[in-house]
Amino acid sequence: MTEEPGLPKTRRREELREGEELYRLLAEHSTDMISKHTPEGVYTYASPACRSLLGYDPEDLVGHDAYEFFHPDDLDAIQETHSSILERPDTYAVCYRIRCKDGSYSWFETTSRTVRDPETDGVLEIIAVSRDVSERKEAEERVLFQAHLLEQVQAAVIATDMRGLVTHWNEHAESLYGWSGEEAVGRNITELTVGPAEAGLAEEIMRRVHAGETWEGEFEVRRKDGSTFPAYVTDSLIR
């Protein structure tokens with residue numbers, strides 16, 4: 001039995017069509033926005049997720065330079081990533097703000113890679129997968145703001161995990177106890193601050209806090225140099 005000369009090429013075409021159809025189905029049903037761009041950044045394709053994420057229809061984006069939609073304050077970071085994508089065949093991620101159709105901005109995280117000519121290694125197109133990370137960015141900003149507040153408090157603010165290992169040690173704790181934050185984080189709180197006469201009470205306080213109670217009262221604490229002083233302490237559990 002002989003195989004027709006054109007059959008292998010036909011099979012390759014069919015496999016290519018099947019691959020393109022699978023890609024189209026994945027892109028059109030993904031909750032992430034999948035887009036294709038020229039090496040300069042112009043949209044050549046945008047998946048339907050752009051409607052729910054940004055408010056645009058795909059045809060609103062195709063033919064437009066992606067830089068038209070970026071927040072001005074994020075252009076430097078995006079341009080740096082864009083240059084790296086064109087120079088090296090790696091996958092890159094960048095976080096930035098993008099303008100929605102209603103004029104508001106959303107935080108996006110985009111992972112991009114290039115499709116290159118196998119013979120010349122020149123960039124043929126850029127494929128990007130983007131998702132909305134606005135909630136995550138807002139949470140990060142709240143954490144940073146709260147951390148900044150803790151540094152301004154004129155009292156020693158210390159956080160530990162359930163084992164008593166220090167996870168946060170503010171500047172006032174540094175001046176009060178003599179240990180730097182770098183020295184304190186990761187060490188057990190009892191080794192750093194509990195006076196020798198209070199070891200038993202410290203264990204009782206930890207037991208009560210682990211049970212969900214709040215303890216407050218006067219407590220003898222110890223500095224790095226071994227000296228002690230009375231302090232008013234409040235210990236509570238954060239869930």
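**Reading rings and burial**

Tutor: Buried means under 20% relative accessible area, exposed means over 50%, and partly exposed lies in between (1.4 Å probe, protein chains only). This is a predicted model, where local features need pLDDT of at least 70 and side-chain atom pairs count only at pLDDT 80 or more, while totals for chains, interfaces and linings use all residues. Residues are numbered from 1 along each chain as its sequence is written, and side-chain values use heavy atoms, leaving out hydrogens and water.

Student: What percentage of the residues in the protein is buried?

Tutor: Of the 239 residues, 31% are buried.

Student: How many aromatic pairs are there?

Tutor: First the rule: rings of Phe, Tyr and Trp (its six-membered ring) pair if their centres lie within 6.5 Å; planes under 30 degrees apart count as stacked, over 60 as edge-to-face and the rest as tilted. By this rule there are eight aromatic pairs. In one of them, the ring centres of phenylalanine 70 and tyrosine 96 are 5.1 Å apart and the planes meet at 75°, so this pair is edge-to-face.

Student: Which parts does the pair of phenylalanine 70 and tyrosine 96 tie together?

Tutor: Phenylalanine 70 is in the loop between α3 (58–61) and α4 (75–87), and tyrosine 96 is in strand β3 (residues 92–99), so the pair ties together parts 26 residues apart in sequence. Helices (H or I, at least four residues) and strands (E, at least two) are DSSP runs, numbered from the N terminus. Tyrosine 96 counts as buried too, at 5% relative accessibility. Another edge-to-face pair joins tryptophan 215 and phenylalanine 219, with 6.3 Å centre to centre and 80° between the planes. Ring pairs also link Tyr67, Phe70, Tyr96 and Phe108 into a cluster.

Student: Where does lysine 137 lie?

Tutor: A charge sits over a ring if NZ of Lys or CZ of Arg is within 6 Å of the ring centre and within 35 degrees of the ring normal. Lysine 137 lies over the face of tryptophan 107, 4.5 Å from the ring centre. Likewise, arginine 187 has its charged end over the ring of tryptophan 179, at 4.7 Å from the centre.

Student: How many disulfides does the structure hold?

Tutor: A disulfide is a pair of cysteine sulfur atoms within 2.5 Å, and the structure holds zero. Cysteine 50 is buried at 0% relative accessible area, whereas cysteine 95 is partly exposed at 28%.
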